[in-house]
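Dear colleague,

Please find below the structure for your records. A summary of the findings follows it.

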Amino acid sequence: MPHRQRPRWWTLFTFLVVGSFICLAAPLAAAPVAETDPNAIQSAFAAAAQEFGVPESVLLAVAYNESRWEHHDGEPSTSGGYGVMHLTDIASIAQQEAKGEDLDAIERSAVDDASANTLHAAAELLGLHPEALKQDAAQNIRGGAALLAQYARETVGTTPAAEADWYGAVAKYSGSQEADVALGYANTVFATINRGSARTTSEGQQVTLAAASVEPNTSTADSLHLRNTKYTGADCPNGLACRIMPAAYVLNNPKNLSDYGNYDLADREADGLDIQYIVIHDTETPYVPTIRLFQNPRAYVSSHYVLRASDGQITQMVDNKNVAWTAGNWYINSHSINFEHEGYAIEGATWYSERMYQQSARLVRYLAQKYDIPLDRAHIIGHDDVPGMTRSRQAGMHWDPGPFWDWAHYMTLMGAPINPSSGDRDSNIVTINPNFATNQPLMTYCYTSTNCREVPRQSASFVYLRTAPSFSAPYIINPYINPAQSYATRANNWANKAATGQQFYRVERQGDWDAIYFSGQKAWFYNPDNSNTTPGSGTLVTPKAGLASIAVYGRAYPEASAYPPGITPQPLEKIYDIPAGQIYVSQEKVKADYYAAPVYRLNPAEHTVVEGQTEYYLIFFNHRFGFVKASDVDVVNP
């Protein structure tokens, strides 16, 4: 954006240093999960269910909604949760205080709550050291089963045989005293039981929950005496625990009306500044410090919503009619609603909890319906999809939520799965769609200038692109960012990665390899039996006949003649070129506009929306999208 550049606090999480491992013997201790047995986790669920009298379907459904049956190699989530059952450790939360990041009243109440210490409670029930439950998936599952059994005895006085009577115990497992959160969680778990699920985890474990028709006995939660706090003012659907904590809108210097934070007042629907995109970010810092940052007017940054990893709690900080300062592109800011998710891009799926995915997807679905936003990857985008407004800013654009965000699962949760039924099988448009569980490419990352190393293998939402149809061929490069091949496997290098849900024109196929037009060049990716793609659809555009190349822009701004007196026309700088003959996929045509809000105003009507006549196509150009003028292109048949 022309008058605000979003900072990013790339503070990497420092893991808790654990003391010596001591595993105490227990008479019913399960054997460690054998990594070579793909059914070991399934067997561990069956054994723990029998041992503690918990219906296997309930145990499996709770675990699915906590972790999607992922163990994450004993690493904690941002909310201090470990393993398949996401057992929480108070020390991981208290560590934030040791780093100088004070906990607010919500986090302090969580520390005092037993729900923040389920790892230790489960370990005590099993007679094991907590470290055993962190490292061993089978013991972690036993710990979760032991807790559920205890919660059942506390809610209904016994461990009932019928799945329906475990509703109260499941609600208590949520760890929340809020009715909306606890009962919403229990409803989600029982919906999972009724729907069933099956997946192969990133560690190769094959787990299945058979669908079963179960009507939960909701009266079993009555003894929990949950709070019915009424959240008012937040733009959220019913059933989500949303709260309002406004970001700062403050003039920092009375002598300089352009020095203010942290967003701009607007009335977007009334002014014709349509909300077209929902942008997904991660925070790179814990939940509470993120909220506090947005409340500091000198931070010059904000977001409409912030979501907590542990339970998906949602804090709305900017009214959706206003423009948040968040995406590093003023045109996108003007037309988007932004979500910050608690997590760290480089740590990946370890940090993105299933509850957060589900709550976020529900909010997206609600907002998309309210504001008429298409549920596709041209409109539900990552911060990593957003282009810089100028060529010089491409290298500095952000890369969150990163390669480990599960776009396929996320789109499925909002009712818009990336599958062949939505594509045109007869066209050469392909949608990138690798299997998230099994797609675990090599990646590296430089944590500091001297600490560069391979990132632990984990599921990822992209395919690598090469200059030729061979694994020995060099990766493609983006000369405007970093041409070095040594940079190719960096997790934050988007020059050679096509992401899940993005659509491109397939120009050639050789054996198991497909070539697409990407970033102004022909790029190859491995696609045996179309295993990394599904059929796509859209409008195909190519440089107009007779033009050697056309410009790609990072924003859809009006022509200079559209600006009224007193408003400086915004420059329109090309960021890339498309050579003649290349073809790209578009999902929409947009009309140019610019929201002129250069200074602090208490009345949004004092700002101006400049509307032009120029039309643009939004195209999937490289990892980030771009805009091309409709007058510069011809539309071609698929």
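Strand β9 (residues 277-282) is mostly covered, with six of its six residues buried (under 20% relative accessible area, 1.4 Å probe, protein chains only). Strands here are DSSP E runs of at least two residues and helices are H or I runs of at least four, numbered from the N terminus. The model is predicted, so local features need pLDDT of at least 70 and side-chain atom pairs pLDDT 80 or more, whereas totals for chains, interfaces and linings use all residues. Residues are numbered from 1 along each chain as its sequence is written, and side-chain values use heavy atoms, without hydrogens and water.

In a regular strand the side chains alternate between the two faces of the sheet. In β9, Tyr277, Val279 and His281 are buried on one side, and Ile278, Ile280 and Asp282 on the other. β9 runs parallel to β13 (residues 336-341), joined by six bridges (strands pair if DSSP finds at least two bridges between them). Within β13, Ser336 stands opposite Tyr277. β9 also pairs in the parallel sense with β14 (residues 380-382) over three bridges, where Ile381 is the bridge partner of Val279.

Helix α7 (residues 137-156) is largely enclosed by the rest of the structure, because 16 of its 20 residues are buried. At its start, a side-chain oxygen of Asp136 comes to within 2.9 Å of the backbone nitrogen of Ala138. Just after α7, Gly157 takes a positive phi of about 85°.

Definitions and conventions: Buried means under 20% relative accessible area, exposed over 50%, partly exposed in between (1.4 Å probe, protein chains only). A polar contact is a pair of N or O atoms within 3.5 Å; within protein, one must be able to donate a hydrogen and the other to accept it, and residues adjacent in sequence count only if both atoms are side-chain atoms.
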